[in-house]
Amino acid sequence: MAHVLKNTALRLASVTPEPARNATPVVAAQNHGSDSATFPAQLPPALFRAERVSLRYETDDAVVQATRDVSFSIYQGDRFILLGPSGCGKSSLLKAAAGFITPQSGSFTLNGKAISGPGPDRVVVFQEFDQLAPWKTVLQNVVFALRASRTLGKVQAKERAEHYLHRVGLGQFLHAYPHTLSGGMKQRVAIARALAMEPAVLLMDEPFAALDALTRRKMQEELLQLWDETRVTLMFVTHSIEEALVVGNRILLLSPHPGRVRAELNSHEFGMDSAGSDAFQAATQRIHHLLFEEQIEPQPLPPRVASHHESV
Ligand SMILES: Nc1ncnc2c1ncn2[C@@H]1O[C@H](COP(=O)(O)OP(=O)(O)OP(=O)(O)O)[C@@H](O)[C@H]1O
């Protein structure tokens, strides 16, 4: 029963815009990240779901198994983090969720519909600073993406682009060219462009990893502010435990290559001001331990509970 209660707290935490502070702070589940059979029926369905996704690359020289049987559910308004060591398949999962890679087996669904390719309902922000067309101004870059999705007319696209560029603090730089911007500013344009598409899920692949520490912190803060205003559903890849705890409300831990679900954690209690606190340090160490040291062996389970859970 305790398993079900803990997991219920986790799920409840994930479906409310900002989860209750008294929810179980960190809950871990090995494999089968979310098993709907163990939760009450009144919870809303997942917005986005990965079901036993295995990803494999085949080249002339080698076959690389990137992930194996990865399952998870993302709920409306989640800031869902994929966290794991280098090479565990985080980026591959994100690209597959975006529809750029077809799973070897398993599936992704958005609002219950199978994903079979890229779509404007899933927009990606990458780490690289060269995501913008250098011959277009900041405004033109965003308008171009909106027009390419064929959902808006010229005037509407320009209005929407200006709105989101103001929102990320670039109102003064609408007519600047990308080469005149700092790395952080270019990432803001990429984020504004993605937000302007008003996707169902915003996919972010280590978007701040190439920034210096101060700018990275500022961008994390701004992202949280933007989330507060928009409540956009995020799927965010990082290999930084601290970033995962600060940015996310739920964290999926992946084991080293090939990536499998190691644990699922509830991290909504941490924010920008948490770093350095005892609870934050303890959570960081616990995650580190889960990722790199602890071998979780499957335990005998009570009926109808598909995975081993533990609280931290
Ligand atoms: N296009 C590709 N062709 C062949 N193998 C690939 C390709 N892309 C990724 N891989 C391999 O798949 C595995 C997972 O890579 P992926 O980039 O998804 O991991 P990651 O967790 O995002 O790593 P990092 O944190 O270092 O970016 C790695 O072994 C990688 O070498």
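Student: How many residues of the shell around the ligand are nonpolar, polar or charged?

Tutor: This is a predicted model, to begin with. The shell around the ligand holds 9 polar residues, 4 nonpolar ones and 1 charged.

Student: And which residues are the closest to the ligand?

Tutor: Tyr-57, Ser-86, Lys-90, Ser-91 and Ser-92 are the closest, out of 14 residues that surround the ligand.

Student: Which element gives the largest share of that shell?

Tutor: That's α2, with 3 residues. Both α2 (90-98) and β3 (63-74) supply at least two residues each.

Student: Switching topic: what are the domains of the protein chain?

Tutor: The assignment gives domain 1 (1-8 + 29-38 + 45-111 + 201-210 + 232-312) and domain 2 (131-199). In the contacts between them, 6 residues of domain 1 meet 5 residues of domain 2. On the domain 1 side, the touching residues are 6 nonpolar, with no polar and no charged ones.

Student: Nice. Which residues have the most contacts inside the largest nonpolar core?

Tutor: Ala-192, Leu-203, Met-235 and Leu-253 do, in a core of 79 residues. Helix α5 (residues 183-196) gives the largest share of this core, 7 residues.

Student: Why does this core lie between domain 1 and domain 2?

Tutor: Because both domains give residues to this core.

Student: Last one: what does Leu-253 touch?

Tutor: Leaving out residues up to four places away in sequence, Leu-253 touches Leu-83, Gly-84, Arg-262, Ala-263, Leu-265, Ile-287, Leu-290 and Leu-291.

Definitions and conventions:
Residues numbered from 1 in each chain as written. Predicted model: local features only at pLDDT ≥ 70, side-chain atom pairs only at ≥ 80, totals over all residues. Near = placed C-beta within 6 Å. Helix = DSSP H or I, 4+ residues; strand = E, 2+ residues; numbered from the N terminus. Nonpolar A, V, L, I, M, F, W, Y, C, P; charged D, E, K, R; others polar. Domains from an automatic or database assignment. Contact = placed C-beta atoms within 7 Å. Core = buried A, V, L, I, M, F, W, Y, C linked by C-beta atoms within 7 Å. Buried ≥ 20, exposed ≤ 12 C-beta atoms within 10 Å, placed from the backbone.
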